Amino acid sequence: MARDRVISSVSAEPDKPVDAALRPEHLQDMIGQRSVLEKLHIAMSAAKQRHESIEHILLDGPPGLGKTTLANVIAREMTGKTPRITSGPSLTKQADLMALLTNLEAGDVLFIDEIHRLPTIVEEFLYPAMEDFRVDFTIEGGLSGRVVNFSLNRFTLIGATTRAGLLSNAMRDRFGHRYHLEFYSADDLTKILCRSAKLLGVAYASGALEAIASRSRGTPRVANRLLKRVRDYAQVRADGVMTRAVVDEALDIQQIDSFGLDELDRAFLTALIKVYKGGPAGIEALAATMGEERDTLEDVVEPYLLQIGFVIRTRQGRQATSEAYEHMGVKPNHERTIDDVAESSLF
Ligand SMILES: Nc1ncnc2c1ncn2[C@@H]1O[C@H](COP(=O)(O)OP(=O)(O)O)[C@@H](O)[C@H]1O
Ligand SMILES: [Mg+2]
């Protein structure tokens with residue numbers, strides 16, 4: 001990613017050990033996502049009672065909502081072990097996946113992150129493995145390749161994706177369980193922060209965690225990251241205690257605004273409002289204007305702006321709403337606002 005973003009979805013290296021320390025290990029430590037966790041609990045208990053491995057599971061949702069955490073929790077609950085972990089982009093050829101699959105023991109969990117980025121050739125190789133626990137492997141060499149059929153131990157595949165829409169139907173249909181993670185409420189984020197503050201041993205005054213939660217874009221990873229930035233600030237500038245005022249000062253320095261938007265979010269809104277007069281604008285055009293990757297905008301920036309109603313997606317492209325104009329302190333250009341579009345369609 002081009003910028004060093006405080007609320008980037010991609011875990012930054014320096015935070016890694018702390019991230020791991022804050023990651024819940026058991027289902028009962030996980031906060032929020034009630035309906036997903038309940039369905040999972042039932043499915044896991046039933047499979048355990050039958051001494052079976054659980055069917056393949058697809059987890060989708062924006063970055064930082066707990067997909068990797070959940071995959072680890074499921075593996076631990078089902079097998080007492082950590083899952084084998086890989087990711088779509090790192091499996092470039094059949095042999096990469098072959099090596100992983102043939103090493104799986106009965107009941108093991110294989111976690112494929114960013115499964116929407118599996119190359120087609122690897123994806124098709126995965127189908128018989130998922131369905132019938134066998135692979136047809138082509139051994140290169142000689143004049144013609146030789147196909148060898150291997151049978152595999154029964155395993156559970158957990159796939160995670162930020163873009164379920166990019167998965168082929170064939171892939172999606174092979175998952176027995178499909179769960180969509182939603183942005184967290186401020187209440188749930190406050191609970192997550194409370195747990196994290198305890199684990200990190202930071203002192204806080206009442207209202208401080210709520211203030212961080214309200215600026216965390218509905219995302220636990222963001223909440224934990226902001227907590228650490230506020231802790232730094234409190235330590236250096238405010239004798240170690242996080243008060244509401246300390247939170248506000250610390251997050252202002254990080255240029256996180258009252259909605260939790262950072263520079264990148266604001267750059268997106270500025271481009272949409274100023275350069276494209278509020279839209280509709282295509283994502284490619286916006287990415288080019290901002291000098292950002294299209295994927296970053298679609299994965300990390302847009303979902304939350306859509307969630308809070310600052311942006312809507314139309315067939316013609318992205319459009320800023322009057323709330324976005326107001327937040328950015330720009331007067332709506334009257335012919336182009338959503339309210340006008342909505343109003344005109346009434347007549
Ligand atoms: N339900 C939850 N309860 C508590 N903490 C959570 C929860 N979901 C995520 N987290 C925290 O957020 C961090 C990011 O979650 P992660 O599983 O890496 O997200 P994803 O894989 O969806 O990008 C984790 O390290 C964990 O500390
Ligand atoms: Mg992840």
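Analyst: Let's start with elements: helices (H or I, at least four residues) and strands (E, at least two) are DSSP runs, numbered from the N terminus. This is a predicted model, where local features need pLDDT of at least 70 and side-chain atom pairs 80 or more, while totals for chains, interfaces and linings use all residues. Residues are numbered from 1 along each chain as written, with chains lettered from A and ligands numbered from 1 in written order.

User: Which helices supply at least two residues of the shell around ligand 1?

Analyst: That would be α1 (16-22), α3 (67-79) and α9 (220-237). Across the chain, the secondary structure comes to 15 helices and eleven strands.

User: How many residues surround ligand 1, and which are the closest?

Analyst: There are 19 of them, and G66, K67, T68, T69 and P220 are the closest. To count, a residue needs its C-beta atom, placed from the backbone, within 6 Å of the molecule. By type, the shell divides into eight nonpolar residues, seven polar and four charged. For that tally Ala, Val, Leu, Ile, Met, Phe, Trp, Tyr, Cys and Pro are nonpolar, Asp, Glu, Lys and Arg are charged, and the others, Gly among them, are polar.

User: Why is ligand 1 said to lie between domain 1 and domain 2?

Analyst: Both domain 1 (33-180) and domain 2 (186-253) give residues to the shell, so ligand 1 lies between them. The domain bounds come from an automatic or database assignment.

User: What makes the five strands a sheet, and in what order do they sit?

Analyst: The order is β2-β3-β6-β1-β7, in an open sheet with parallel pairing. β2 (84-87) and β7 (177-180) stand at the edges with a single partner strand each, so one side of each has no neighbour in the sheet. Two strands pair if DSSP finds at least two bridges between them. β2 and β3 have four bridges and run parallel, with I85 and F111 as bridge partners. Strand β1 (residues 57-60) is also joined to β7 by four bridges, again running parallel. β1 pairs with strand β6 (residues 156-161) over four bridges in the parallel sense.

User: Why is strand β3 called largely enclosed?

Analyst: Five of the five residues of strand β3 (residues 109-113) are buried, so the rest of the structure largely encloses β3. Buried means 20 or more other C-beta atoms within 10 Å of a residue's own; exposed means 12 or fewer, and partly exposed is in between, with C-beta atoms placed from the backbone. V109, F111 and D113 point one way from β3, while L110 and I112 point the other way.

User: Is H51 exposed or buried?

Analyst: H51 has 7 other C-beta atoms within 10 Å, so it is exposed. H51 sits in the loop between α2 (34-49) and β1, and its phi is near 55 degrees, a positive value in a residue other than glycine.

User: What makes F133 partly exposed?

Analyst: F133 has 16 other C-beta atoms within 10 Å, so it is classed as partly exposed. F133 is in the loop between α5 (120-132) and β4 (134-139), and its phi is near 55 degrees, positive although F133 is not a glycine.

User: Why does Y233 count as partly exposed?

Analyst: Y233 has 19 C-beta neighbours inside 10 Å, so it counts as partly exposed. Y233 is found in helix α9. Leaving out residues up to four places away in sequence, Y233 touches A238, V246, E249, A250 and I253. Contact means C-beta atoms, placed from the backbone, within 7 Å. Y233 and A250 are 17 residues apart in sequence, with their C-alpha atoms 5.9 Å apart. Among contacts in the chain between residues at least 6 apart in sequence, 67% join residues at least 24 apart.

User: What is the omega of the cis peptide bond between G279 and P280?

Analyst: Omega is about 5 degrees for that cis bond. P280 is in the loop between α11 (263-275) and α12 (283-290).

Conventions
Contact = placed C-beta atoms within 7 Å.
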